Amino acid sequence: KFKDTMIFLAKFWYLPVAPLLSPASLWIVPASRLIGLQRSLAERTVLTVHEGATTIWLSRETVDIKDILTVLNKDPWSLSVKETPFINDLQFVEVILRAGNSLVLPPRSLYAIRSDEGAYVSRVELHSALSLFISGISRS
């Protein structure tokens, strides 16, 4: 199924990004578990659910980067205003993805993934040369 997804993405060669791919990730999300808050710096980030169903917490970076770095890899569903006062400034949406669904995220997105029944989720990042450089220095 993962190979089928890559063939499907190859059809979108006309997206305005250079054909630079970071390594794809395949996450196995056990039932009642989550993948904490992640930050996407790629030109496009594609999340695809291969089996099961997931809920995606999705937001744009609208607060200071120092604040965002304090909540990375944490559960956004359990953050309170008392611990993180800026959480009220983040506008977010929850998206439910089922098997076979993909979600294309814009640059500078924040997302977290949880599943009530368990799921297989892949992430592919499509980079331009500049976004690949920026994501490389921001992770080090």
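**Exercise 1. Is R108 buried, exposed or partly exposed, and where is R108 found?**

Start with accessibility: R108 has 46% relative accessibility, so R108 counts as partly exposed. The cut-offs are under 20% relative accessible area for buried, over 50% for exposed, and partly exposed in between, with a 1.4 Å probe and protein chains only.

Next, the place. R108 is found in the loop between β6 (102–105) and β7 (109–115). Strands here are DSSP runs of E with at least two residues, helices are runs of H or I with at least four, and both are numbered from the N terminus.

Then look at the backbone. Phi of R108 is near 60 degrees, a positive value in a residue other than glycine. Most residues other than glycine have a negative phi.

A word on what you're looking at: this is a predicted model, where local features need pLDDT of at least 70 and side-chain atom pairs count only at pLDDT 80 or more, while totals for chains, interfaces and linings use all residues. Residues are numbered from 1 along each chain as its sequence is written, and side-chain values use heavy atoms, leaving out hydrogens and water.

**Exercise 2. Find another residue with a positive phi: where does N73 lie?**

N73 isn't a glycine, yet its phi is positive, at about 65 degrees. Its spot is the loop between α2 (65–71) and β5. With a relative accessible area of 58%, N73 is exposed.

**Exercise 3. How many salt bridges does the structure hold, and which residues do they join?**

Step one is the rule: a side-chain nitrogen of Lys or Arg must be within 4 Å of a carboxyl oxygen of Asp or Glu. The structure holds two such bridges.

Step two: R39 meets E61 at 2.5 Å, N to O. R39 sits in strand β3 (residues 33–40) and E61 in the loop between β4 and α2, so this pair ties together parts 22 residues apart in sequence. R39 is partly exposed at 21% relative accessibility, whereas E61 is buried at 11%.

Step three: R108 meets E61 too, at 3.3 Å, N to O. R108 is in the β6–β7 loop and E61 in the β4–α2 loop, so here the parts tied together are 47 residues apart in sequence.

**Exercise 4. Which rings form the aromatic pair, and how are they arranged?**

Rings of Phe, Tyr and Trp (its six-membered ring) pair if their centres lie within 6.5 Å; planes under 30 degrees apart count as stacked, over 60 as edge-to-face and the rest as tilted. That rule gives one aromatic pair. W57 and F92 are stacked, at 5.1 Å centre to centre with 20 degrees between the planes. The pair links distant parts of the chain, 35 residues apart: W57 is in strand β4 (residues 44–60) and F92 in strand β5 (residues 92–98). W57 is buried, at 2% relative accessible area, while F92 is partly exposed at 47%.
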